[in-house]
Amino acid sequence: MGHIRLCDYMRGRGGVQILDDAMNYFELVLDQCPVDHPDHAAALTNLAWARLQGYIRKDLQGIYITTTLLCDALALRPRGHPDRPVSLYYLAEALIWRYSYHSITVDIFKAAQLCHELLSLCSEDTYLRSIAIGKNGVDYVIRACNNLPIDASDEDIYLRRVVLKLCPPGNQHNPSAIDKLAKAVKARFRQCGFEDLDWNVQLGREVVSMCPEGNPNRVTYLINFAVSLRSRFDHQGGSHDLDEVISLYEEALPLRPVGHEYHDASLDGLGRALLTRFNACNDIDDINRAAGLFRKALASCSPGRPNRDTKLNNLAAALITRHDKLHASEDLDEAIDLCRKSLLLLQQDDHPERHRNLFNLSMALCSRFAQTRKKKDVEEAIGLCQDSLVALPPLHADRYFSYKWLKEAYLSRYRILPNAVDLSLAVENFRLASNHPTQGYPERIKEAIQWARQSEFYEHESALEAYQTCLDLFNNHVTQSSIILGRNTAIAIDSVQSLPMNATSCAIRHNDLQRGVELEEQGRDQQWSLACRLRAPLDDLKSINIPLAHRLSELSKSLSDARNSAGNADRDAADRAETEYKRLTTQWEAVIAEIRNLQGFSRFLLPPSYEDLQVAARHGPVIILNASEYSCNAIIVSASGKPHHVPFPSLALTDLKMLKKHFTNVIRDTARVDSKEPRTALIALLRTIWDEIMLPIVNVLQQDLKLPSGSRIWLCPTAAFTSIPLHAAHPFRMNADRSGREPSLEDLYICSYTPTLSALIRARQTMTTRVTPSFAAIGQDQPGAGKGTVLAAVETELELVHKHVPPNVKFTHLSGDKVTQADALEALRCNTWVHLACHGKQDHEHPSNSRFVMRNEPLTLLDIVENDAPQAEFAFLSGCHAARGDEKTPDEVIHLAAGVQFSGFKSVVGTLWEVDDAVAKHVVEAFYENMFKDMDGGVMNCTKAAWALNKTTYTAKKKVPLEQRIGFIHIGL
């Protein structure tokens with residue numbers, strides 16, 4: 001009877017009374033079907049459906065009872081229940097109607113999830129699917145979700161992904177759904193950082209490809225895609241992205257012709273991209289086109305229209321840039337006039353964009369002051385920047401630019417009218433800009449670098465402070481990014497690669513050697529950690545205290561959000577954000593203090609002190625060779641006492657670079673001559689290394705440290721020093737008394753390398769637990785087309801290795817077609833010792849992608865790092881060389897081998913340059929003979945590798961030419 005009465009009601013054969021009768025019948029049935037009754041879910045559904053029909057026809061007011069009944073019914077029909085699709089449909093319908101009346105976002109979000117599950121359970125030809133996808137069903141859900149405002153939450157992105165699944169390719173709503181997902185991803189990127197950039201670009205490209213020419217929405221998707229690519233360019237600097245941005249704007253511009261409401265916006269977008277490319281490439285056509293486009297945008301924005309001030313400002317910026325590069329005075333005068341007109345349109349002191357116009361005018365006036373030397377220009381520039389500071393709240397992100405341009409104004413005046421006060425004021429604004437908490441780290445790092453350079457140039461006492469600030473900012477940037485975003489953080493480090501060396505040089509010149517060691521280590525260890533994607537600090541914390549790690553992660557995200565909110569144009573909102581930022585900062589500091597009270601975490605997020613680093617020299621001194629544009633020096637760190645300074649007064653960075661170039665040429669040329677020919681040029685270079693670099697160091701080792709012959713030493717080269725075979729330094733001459741030959745470095749000491757002191761310390765710490773040794777010999781002699789030459793002697797080499805490995809050690813032999821990337825990773829994971837004979841290549845742009853050539857796809861350093869092989873002890877990288885004739889060859893493989901050591905192998909033998917695989921087998925045989933003879937208790941010991949390689953250089957002399965012999969180096973323990 002309930003269904004009959006409901007049918008009558010829906011056909012209009014009666015009013016509310018008939019609906020009440022139907023619901024009474026359904027309630028009676030429900031009373032007779034308790035929770036454990038098999039028909040309880042059906043009874044709930046019938047009653048709920050009747051109530052929903054009354055709600056739709058506005059005969060019933062409440063719908064929350066209806067949705068509750070349907071939720072209870074769905075819970076009784078779990079996944080796999082034959083009636084679950086029906087319950088999904090009814091609940092989705094109820095939520096859709098509730099959303100249509102009340103616009104509660106969570107309702108349409110839930111409806112989208114239900115529809116997604118429903119469609120996956122209904123085949124194409126079912127009646128339920130046909131009614132579910134109608135205009136009031138799935139179609140409505142898609143349109144409603146696409147109309148929701150975009151936010152940066154993970155929930156919003158999840159919703160957009162669900163919606164995208166509801167409208168696959170071919171569906172009319174598919175391009176719009178992709179576009180909305182791209183916008184949500186972009187919003188999260190702006191709030192949190194780098195993780196979503198590539199995904200955002202991928203989605204933008206996809207939606208453009210699916211929207212053909214002639215589609216009215218194509219121009220919108222082109223612009224959105226251009227904006228995404230521009231964001232990636234701004235953070236990663238890929239010139240190909242900027243070129244594509246320009247192409248997209250060029251395609252979009254005709255689609256928004258003169259008279260279109262967004263015509264001037266398209267002109268501005270293309271103009272800004274061209275201006276950026278000009279700053280990078282100095283193509284005059286780009287700046288001229290940019291200025292022309294900005295001029296057209298200004299002409300299309302008549303007086304009185306909104307945003308005219310922005311058009312004036314954009315053209316002014318282009319003219320200022322063109323003047324600075326081409327020195328056209330008429331450009332500068334026009335730019336100043338445009339800036340003044342723009343300011344007149346923003347007469348209210350509290351206008352949210354007024355401070356940006358003040359910046360531009362200040363910049364133009366500084367440029368004119370440098371040209372005309374009229375004091376009134378620079379004084380006005382200073383006043384404009386000071387006005388901008390007054391207009392901005394204390395934590396507004398743009399105060400950074402006020403400090404930056406105020407600094408420029410003071411420096412401009414100091415250069416023309418030298419006054420120590422102006423230099424001090426410039427330095428103070430450098431300090432304020434670099435430490436402004438709500439500006440992003442990349443901008444602050446750039447400013448700190450500039451501070452260090454200017455302090456060096458003007459010999460200001462703040463130089464060391466500037467270097468420390470920059471390294472601390474870089475450390476915080478990487479640390480917080482890794483906490484917020486995980487291991488996939490990828491930031492550009494090119495601008496700071498020389499910074500640790502320059503900072504160390506500055507500390508040496510200030511007679512602070514210990515701080516010099518700390519600065520060198522802080523910069524280089526962070527760069528190596530970033531390059532090899534080592535564990536984030538949070539990973540170690542999670543291993544002992546998950547709740548504390550979670551609190552720190554949540555606070556990091558909240559601080560990032562608060563930092564972004566502090567730039568709000570609304571003064572009240574900015575004040576509230578500032579208060580919130582201070583509150584969160586206090587909580588952050590409290591959590592960090594709590595973490596540092598944990599055992600082993602006393603220096604959490606702090607760089608190591610000199611005393612911490614001294615542990616690296618426990619088994620022999622570590623010699624840091626520092627190459628800076630300001631000086632070249634060595635610092636010797638011993639197990640106790642203060643560090644020792646070894647100056648190289650006659651050696652400059654340009655000399656080292658020339659020495660590197662000579663080595664590259666000599667090694668290449670020597671490889672082409674007969675092995676019996678004298679190596680005159682190479683001997684001369686090795687003698688230079690001895691006389692200019694290693695002899696002064698040896699004198700300190702022998703005379704000051706009293707280091708006995710046969711002791712171990714570790715070389716830690718930086719910059720151009722990494723390209724030079726320091727271990728092979730040799731005088732190649734007789735003693736003064738003609739009693740015999742002068743000893744070489746390897747006659748005196750057993751030499752190893754280490755990329756950083758911390759890498760050596762970490763390797764020793766992980767050697768505490770020993771496991772049963774196993775050995776894998778991996779060879780790839782046939783790398784495939786385009787991947788390198790055939791290595792004919794690889795199989796013979798692997799057989800020699802097998803012959804010398806102790807018989808009680810498990811041995812795995814992989815070669816030829818068996819050596820795929822997956823096979824190599826498995827061998828690395830399951831074995832403690834590895835011998836790898838194949839081609840290798842260092843990737844300078846992305847060090848973690850440095851690779852060994854396998855049969856199918858390369859084995860990268862990132863693969864090795866993420867392979868999780870804590871038991872790894874020793875690796876011999878035989879013949880893993882870069883391309884012949886590459887000028888960078890000497891740099892490459894030492895970094896490749898060092899990267900393997902840094903990624904977990906405690907001891908590594910690698911090659912500095914290309915080694916003939918037919919010759920390499922002689923070194924390999926001699927090395928393993930020395931490595932495995934006289935084993936203490938029959939135990940394989942990876943710390944013998946340096947000694948074994950030292951002995952090998954003598955035993956292989958007759959079979960291996962000099963340039964091939966000295967190409968082998970040892971890194972690590």
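1. **Basis.** This is a predicted model, in which local features need pLDDT of at least 70 and side-chain atom pairs count only at pLDDT 80 or more, while totals for chains, interfaces and linings use all residues. Residues are numbered from 1 along each chain as its sequence is written, and side-chain values use heavy atoms, with hydrogens and water left out.

2. **Whole chain.** The protein chain has 40 helices and 14 strands. Helices (H or I, at least four residues) and strands (E, at least two) are DSSP runs, numbered from the N terminus. The chain holds 973 residues, and 56% of them count as buried. Buried means under 20% relative accessible area, exposed over 50%, and partly exposed in between (1.4 Å probe, protein chains only).

3. **Surface and contacts.** The protein chain exposes about 42600 Å². Carbon and sulfur atoms supply 51% of that area. Accessible areas come from the Shrake-Rupley method with a 1.4 Å probe; for residues, only the protein chains shown count as cover. Take contacts between residues at least 6 apart in sequence: 68% of them join residues at least 24 apart. Contact means heavy atoms within 4.5 Å.

4. **α14 with α16.** Two packed helices are described by the angle between their axes and the distance between the axes. Helix α14 covers residues 263-281 and helix α16 residues 308-326. Their axes come within 11 Å and cross at roughly 20°. That makes α14 roughly parallel to α16. Axes are lines fitted to C-alpha atoms, for helices over the stretch in contact, and angles run from 0 to 180 degrees between N-to-C directions. Angles under 35 degrees count as roughly parallel, over 145 as roughly antiparallel, 65 to 115 as roughly perpendicular and the rest as oblique.

5. **Residues between α14 and α16.** On the α14 side, the contact uses D264, A265, D268, R272, L275, F278 and N279. On the α16 side, they meet K311, N314, A318, T321 and K325. The residues of this contact divide into four nonpolar, three polar and five charged. Here Ala, Val, Leu, Ile, Met, Phe, Trp, Tyr, Cys and Pro count as nonpolar, Asp, Glu, Lys and Arg as charged, and the others, Gly among them, as polar.

6. **α6 with α8.** Helix α8 spans residues 138-146. It packs against α6 at an angle of about 140°, with the axes 10 Å apart. That makes α6 oblique to α8. I108, A111, A112, C115 and L119 in α6 meet V138, Y140, V141, A144 and C145 in α8. The contact residues divide into ten nonpolar, no polar and no charged.

7. **Two positive phi values.** S103 is not a glycine, yet has a positive phi of about 55°. S103 lies in the loop between α5 (84-102) and α6 (105-121). At 52% relative accessibility, S103 counts as exposed. E459 also has a positive phi, near 55°, in a residue other than glycine. E459 sits in the loop between α22 (441-457) and α23 (463-485). With a relative accessible area of 73%, E459 is exposed.

8. **L555.** This residue belongs to helix α27 (residues 546-565). L555 is buried, with a relative accessible area of 8%. Leaving out residues up to four places away in sequence, L555 touches L584, Q587, W588 and V591. L555 and L584 are 29 residues apart along the chain, and 7.0 Å separates their C-alpha atoms.
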